[in-house]
Amino acid sequence: TVMTAQTVAETGDLLITTPIDFAALRSSGLPVIIDFGADSCIPCKEMAPVLADLNASLKGKAIIRFVDVWKYRDLANGVPLQVIPTQVLFDSKGKPFTPPESLDIEFNMYSLKDSGEHVFTTHEGGLDKSQMLSILAAMGLH
């Protein structure tokens with residue numbers, strides 16, 4: 001089953017176990033952070049409580065999700081993953097996040113070769129709560 005933007009925002013489950021409808025997430029009007037990791041990687045474990053906390057406290061204001069790529073490898077298809085954890089970020093307008101330099105966090109920007117369209121922004125490695133909140137604020141969290 002594919003989830004619509006509305007179901008995604010309403011169910012708000014942290015763990016994604018079905019194919020990700022990026023179009024639905026991006027049309028939600030909310031900033032989106034999807035963390036691709038695994039239960040057994042150390043930085044992933046360190047991020048887990050932060051993700052759970054923000055997922056609960058920001059319901060209806062931001063979409064925070066987690067994909068265990070060791071259990072659900074197919075869900076990472078088409079996502080530029082080189083290490084885990086990697087977070088994929090979309091702003092509240094549904095665009096791949098363009099970070100301001102003031103954030104002082106390193107991001108990777110991916111564009112299509114032929115059109116140059118910016119399709120993904122990712123952050124590789126763990127993030128703490130204050131970094132996540134800074135990123136969300138820059139992405140249009142109200």
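Author: Two strands are taken to pair if DSSP finds at least two bridges between them. In this predicted model, strand β1 (residues 32-37) and strand β3 (residues 86-90) meet that condition with five bridges, in the antiparallel sense. Within this pair, Ile 33 has Leu 89 of β3 as its bridge partner. In a regular strand the side chains alternate between the two faces of the sheet.

β3 also pairs with β5: three bridges join them, and the two strands run antiparallel. Here the bridge partner of Gln 87 is His 123 in β5. A residue is called buried when its relative accessible area is under 20%. Five of the seven residues of β5 are buried, so this strand is largely enclosed by the rest of the structure.

From β5 (residues 118-124) the sheet continues to β4 (residues 108-111), again antiparallel, through four bridges. Ser 111 stands opposite His 118 of β5. β4 and β5 make a hairpin, with six residues between the strands. In its turn, Gly 116 has a positive phi of about 75°.

Taken together, five strands form an open sheet in the order β2-β1-β3-β5-β4, and the pairing is mixed. The edges are held by β2 (63-68) and β4, each with a single partner strand, so one side of each is left without a neighbour in the sheet. On average, and with direction ignored, neighbouring strands of this sheet are turned by 25° against each other.

Two helices belong with this sheet. α3 packs on the sheet and touches β1, β2 and β3, its direction making about 145° with that of β2. α4 lies across β1, β2 and β3 as well, running at about 140° to β1.

These two helices also meet one another. The axes of α3 (residues 42-57) and α4 (residues 129-138) come within 10 Å, crossing at roughly 45°. Angles under 35 degrees count as roughly parallel, and those from 65 to 115 as roughly perpendicular. α3 and α4 are therefore oblique to each other. Their crossing is right-handed. On the α3 side the contact is made by Met 47, Val 50, Leu 51, Asp 53 and Leu 54, and on the α4 side by Lys 129, Met 132, Leu 133 and Leu 136. By class, seven residues of this contact are nonpolar, none is polar and two are charged.

One of the residues in this contact, Lys 129, deserves a separate look. Lys 129 belongs to helix α4, and counts as partly exposed because its relative accessibility is 36%. Neighbours within four places in sequence aside, Lys 129 is in contact with Val 50, Asp 53 and Leu 54. Lys 129 and Leu 54 are 75 residues apart in sequence, while their C-alpha atoms are 8.0 Å apart in space.

Asn 55 is a residue of α3. With a relative accessibility of 7%, Asn 55 counts as buried, because the cut-off is 20%. Once its neighbours within four places in sequence are set aside, Asn 55 is in contact with Gly 12, Asp 13, Leu 14, Ile 64 and Arg 65. Of these, Ile 64 and Arg 65 fall in the range given for β2, 63-68.

Two loops that link strands of the sheet complete the picture. Pro 85 lies in the loop between β2 and β3. The peptide bond that joins Ile 84 and Pro 85 is cis, with omega about -5°. In the loop between β3 and β4 is Asp 104. Asp 104 has a positive phi, near 55°, in a residue other than glycine. The relative accessible area of Asp 104 is 72%, so this residue is exposed.

Notes:
Residues numbered from 1 in each chain as written. Predicted model: local features only at pLDDT ≥ 70, side-chain atom pairs only at ≥ 80, totals over all residues. Heavy atoms only, no water. Axes fitted to C-alpha atoms, helices over the stretch in contact; angles between N-to-C directions. Parallel < 35°, antiparallel > 145°, perpendicular 65-115°, else oblique. Left-handed = near helix turned anticlockwise from the far one by under 90°. Contact = heavy atoms within 4.5 Å. Nonpolar A, V, L, I, M, F, W, Y, C, P; charged D, E, K, R; others polar. Buried < 20%, exposed > 50% of the residue type's maximum accessible area, 1.4 Å probe, protein only.
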